[in-house]
Amino acid sequence: MDYISTRGGSDPLPFHDVLIEGLAMDGGLFVPNRWPSFNIDQLSGLKTADYATTAAFVMRNLVGDSFEPQELEELCRGAYKDFNHAATAPLKQIGHSEWLLELFHGPTLAFKDFAMRLLGLMFERVLERKGQRITIVGATSGDTGSAAIHACAGRANIDIFVLFPKGRVSEVQRRQMTTVMDSNVHCFAIDGTFDDCQALVKSLFADVDFRRKLSLAAINSINWARISAQIVYYIYAGIRLGALENPLRFIVPTGNFGDVYAGYAAAQMGLPITELVVATNNNDLLSRFFDSGVYEAQTVQATLSPSMDIQVASNFERLLFETNDRNGTLTADQMSTFGRTRRISVDWGHLKALRPRFRAGRANEDETLKAMREVLASCGELIDPHTAVGVSVGRRVPPEIDQTSSVYLATAHPAKFPESVERANNVRPDLPQALQWIETARERYGELPNDADILKSQIQQVQAAKH
């Protein structure tokens, strides 16, 4: 199994190199050179498998020869052993044919743990083999950073730098990052939005000399390994809800399009999914695209669901590549145009081809609060504002096929956003006891302007002082 760039200008690479490189040298994103596929018998054989076994089976078809089967299963078991629910990704019924897929039982209480825990172990194993050291630089709108830090803190061959938008993450999200005192962990609050943080990361990777000098690696969902690990929970949940026999759809709150794209990948690999519903907040770049075919960045709005406050969805490029019949030159031209104009459009024929698989909708602040109240009133469940965006949109965008079960991805624990949950329900959720220490712990982080040269200088200073 090799991986190619969405922009067509990089040589194919095996999984272990894609893991370390993160972003292709031509600026594109890695995707499989072909989609592996599962047949119904293979998927049926996973009906009684636990999560780690399912993960090893799915990932085996994506990693190629980069990890031996027994080694891969060992890594998967190590990744998920600390999740605090026996099912790892439990399903909870909230309506007649509605389910929450709870993805917040990992160490940092968000869905990012599913990929980050595995990536941390994979990074360590590959770096040991190669005798290498890497510098991870990542941007976060809240949850990616804490999950990445938790997975990489203290690892001998990794330095990690995480950028987050100053004042635009919740206090819990910030403290989960800034209270980690391991010497290989460095956090910076950037004077800007998440899109600014993401642009800074991409600019560092675009500087080939800097990238090679520091052996940069990526942990955002631009790294294919992140997407591959997230494919697993779609297959795990789908099998348990009878997707092989009955219609099933997933409703995904999204900003950067990575989680939705993982669902698309699961469908490409053989999981029967009738539709993926793209749920956005007021930052409705993606829902506007699926309505009109126009992908146009606007001003980022601060909302109750800050992890979705994004106007440049990096993983959209992967879908664009598929929409372009895997024409890397065309995709590169479109992304160049977007870089200049902040706007591109897809012709009607291509948009029409996406419509059977994708639907989309937007939830404003009042609708988000209303969904939080409705779920608590109907079944006694507190949900966080991002999950609420999904519930609100999913209930207003009914399935096109009768008797379809709806699965809402519950992406974060409500305690990560206590102010929003309390505003909706007059109930303030407590952090799980194992995390309560962060509320009073000392924080350590720097503040930087939105300037790539200053960021580079800061990273180099930290590296020089350490090594």
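Visitor: How do the residues lining the largest cavity divide into nonpolar, polar and charged?
Guide: The lining of the largest cavity comprises seven nonpolar, 13 polar and four charged residues. Please note that this is a predicted model.

Visitor: How much space lies in that largest cavity?
Guide: The largest cavity holds about 280 Å³ of space. Its lining is made up of 24 residues, and those closest to the centre are Phe111, Lys112, Gly255, Asn256 and Ser307.

Visitor: How many cavities of 30 Å³ or more does the whole structure have?
Guide: The search finds three. The second largest cavity has a volume of about 50 Å³.

Visitor: Which residues line the second largest cavity?
Guide: That lining consists of Ser141, Pro165, Arg168, Phe194, Val300, Pro306 and Asp309. By class, four of the residues are nonpolar, one is polar and two are charged.

Visitor: Turning to the sheet, what is the strand order?
Guide: The six strands of this open sheet run in the order 4-5-15-10-11-14, and the pairing is mixed. Strand 4 (91–95) and strand 14 (358–362) each have a single partner strand, so one side of each lacks a neighbour in the sheet. From one strand to the next, the twist averages 25°.

Visitor: In which sense do strand 10 and strand 11 pair, parallel or antiparallel?
Guide: Strand 10 (residues 248–253) and strand 11 (residues 275–280) pair in the parallel sense, over five bridges. Within this pairing, Val252 has Val278 of strand 11 as its bridge partner.

Visitor: Which strands does helix 10 touch?
Guide: Helix 10 (residues 224–240) packs on the sheet and touches strand 4, strand 5 (98–102), strand 10, strand 11 and strand 15 (405–410). The direction of helix 10 makes about 140° with that of strand 10.

Visitor: And what about helix 17?
Guide: Helix 17 (residues 385–396) also packs on the sheet, touching strand 4, strand 5, strand 10, strand 11, strand 14 and strand 15. The angle between the directions of helix 17 and strand 11 is about 125°.

Visitor: A change of topic: how many salt bridges are there?
Guide: The count comes to 33 salt bridges. One of them joins the side chains of Arg117 and Asp82, at 3.1 Å from N to O.

Visitor: Where do Arg117 and Asp82 lie?
Guide: Arg117 lies in helix 5 (residues 112–130), and Asp82 is in the loop between helix 4 (69–80) and strand 4, so the pair ties together parts 35 residues apart in sequence.

Methods
Residues are numbered from 1 along each chain as its sequence is written. This is a predicted model: local features need pLDDT of at least 70, side-chain atom pairs count only at pLDDT 80 or more; totals for chains, interfaces and linings use all residues. Side-chain values use heavy atoms; hydrogens and water are left out. Two strands pair if DSSP finds at least two bridges between them. Helices (H or I, at least four residues) and strands (E, at least two) are DSSP runs, numbered from the N terminus. Axes are lines fitted to C-alpha atoms, for helices over the stretch in contact, and angles run from 0 to 180 degrees between N-to-C directions. Contact means heavy atoms within 4.5 Å. On a 1 Å grid over the protein atoms alone, a cavity is a set of points where a 1.4 Å probe fits but cannot get out, and a pocket is an open set with protein on both sides within 12 Å along at least five of seven lines; lining residues have an atom within 4 Å of a point. Grid points are joined across faces, edges and corners, and a volume is the space filled by probe spheres set on the points. Ala, Val, Leu, Ile, Met, Phe, Trp, Tyr, Cys and Pro count as nonpolar, Asp, Glu, Lys and Arg as charged, and the others, Gly among them, as polar. A salt bridge is a side-chain nitrogen of Lys or Arg within 4 Å of a carboxyl oxygen of Asp or Glu.
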